Amino acid sequence: MLFGAISGFLASFLLTIDKIKILKDAKFNPSCNINEVLNCKSVMLSKQAEVFGFPNSLIGIGAFAIFIAVAIALLGKVDFPRWFVDVVIGASTAGKIYAPLDGKRSVSSMTITTEDGSAGSRGKVTDFLPEIIERFNIEVVYSCGPMGMLKAVNEITEKYQIVHQCAVEESMACGIGVCMTCVIPLRGADGIIRMSRSCIEGPVVDGSSVIWSEPRTIPEGTLGAS
Ligand code: FES
């Protein structure tokens, strides 16, 4: 992020200098003019290059300066407000990573992992989650995926004592609370374990309330269903 922000800042800065030189001397040839086809001077003089009545590159200077500041702050482990979202997405292989570029545009950072190493870092999301929690000072983890992965994520969030909201992946036949195929053991606020319908109680539940050791059995002491 820091490298990209510095590159963007320098590019905006040089474009602004070139624009000033063109305004002083109409014959000035900016450094980005390569030939008659790859010619940035005509673009710099177009209306689109001054959407708000001044060179767009000035916006770039301001925006990239902010990104540089944020990147440096992240390196310094500054505690940012909760609207910063960092995503870890993993799959067995690169072809199974869903829309990584679209996702990357929507979040503060994205870490990709694949078990075969064909994209991002080799390994599972849970191999990298602890480092991300520490680096970005994460307070809440939202997870979805296979139950085994959710269980592993919950072990990590318990270790760091942070909130874990997970979308449980149980078979659902009716989806409206009638068939009871989707029950999982959940510990309520009263401390009692109940077989709860994930289609009604969830599917997003507090990870700390799930009895992960026995997800598809009825744990001892369970009191009825909800
Ligand atoms: S899917 Fe039927 S009760 Fe949940």
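Which residue in strand 3 is the bridge partner of threonine 113? In this predicted model, in which local features need pLDDT of at least 70, side-chain atom pairs count only at pLDDT 80 or more, and totals for chains, interfaces and linings use all residues, the partner is serine 121. Residues are numbered from 1 along each chain as its sequence is written.

The secondary structure comprises seven helices and eight strands, where helices (H or I, at least four residues) and strands (E, at least two) are DSSP runs numbered from the N terminus. The radius of gyration of the chain is 26 Å, well over the 17 Å that the globule rule gives for 226 residues, so the chain is more spread out than a compact globule. Here the radius of gyration is taken over C-alpha atoms, and the globule rule is 2.2 Å times the number of residues to the power 0.38. Along the principal axes, the C-alpha atoms fill a box of roughly 85 × 35 × 35 Å. The domain assignment gives domain 1 (2–75) and domain 2 (162–226), with bounds that come from an automatic or database domain assignment. The centres of domain 1 and domain 2, taken over C-alpha atoms, are separated by 55 Å.

Of the 226 residues, 16% count as buried; a residue is buried if 20 or more other C-beta atoms lie within 10 Å of its own, exposed if 12 or fewer, and partly exposed in between, with C-beta atoms placed from the backbone. Two residues are in contact if their C-beta atoms, placed in that way, lie within 7 Å. Among contacts between residues at least 6 apart in sequence, 48% join residues at least 24 apart.

The opening pair belongs to an open sheet of three strands with the order 1-2-3 and parallel pairing. Its edge strands are strand 1 and strand 3 (121–122), each of which pairs on one side only. Two strands pair if DSSP finds at least two bridges between them. Strand 2 and strand 3 are joined by two bridges in the parallel sense, while strand 1 (residues 86–91) and strand 2 (residues 109–114) pair, also parallel, over six bridges. Within the latter pairing, isoleucine 89 has isoleucine 112 of strand 2 as its bridge partner. From strand 1 the chain passes through helix 4 (residues 100–106) to strand 2 in a right-handed β-α-β crossover, meaning that, with the strands pointing away from the viewer, the path from the first strand over the helix to the second runs clockwise.

Some backbone details lie in loops. Asparagine 137, in the loop between helix 5 (125–135) and strand 4 (140–144), has a positive phi of about 55 degrees although it is not a glycine. With 13 C-beta neighbours inside 10 Å, asparagine 137 counts as partly exposed. Glutamine 161 likewise has a positive phi of about 55 degrees without being a glycine, and its place is in the loop between helix 6 (147–160) and strand 5 (163–167). Glutamine 161 counts as exposed because it has 7 C-beta neighbours inside 10 Å. A cis peptide bond, with omega about 5 degrees, joins glycine 202 and proline 203; proline 203 sits in the loop between helix 7 (198–201) and strand 8 (204–206).

Leucine 75 lies in helix 3 (residues 56–75) and, with 11 C-beta neighbours inside 10 Å, counts as exposed. Its C-alpha atom is 9.1 Å from that of leucine 2, 73 residues apart along the chain.
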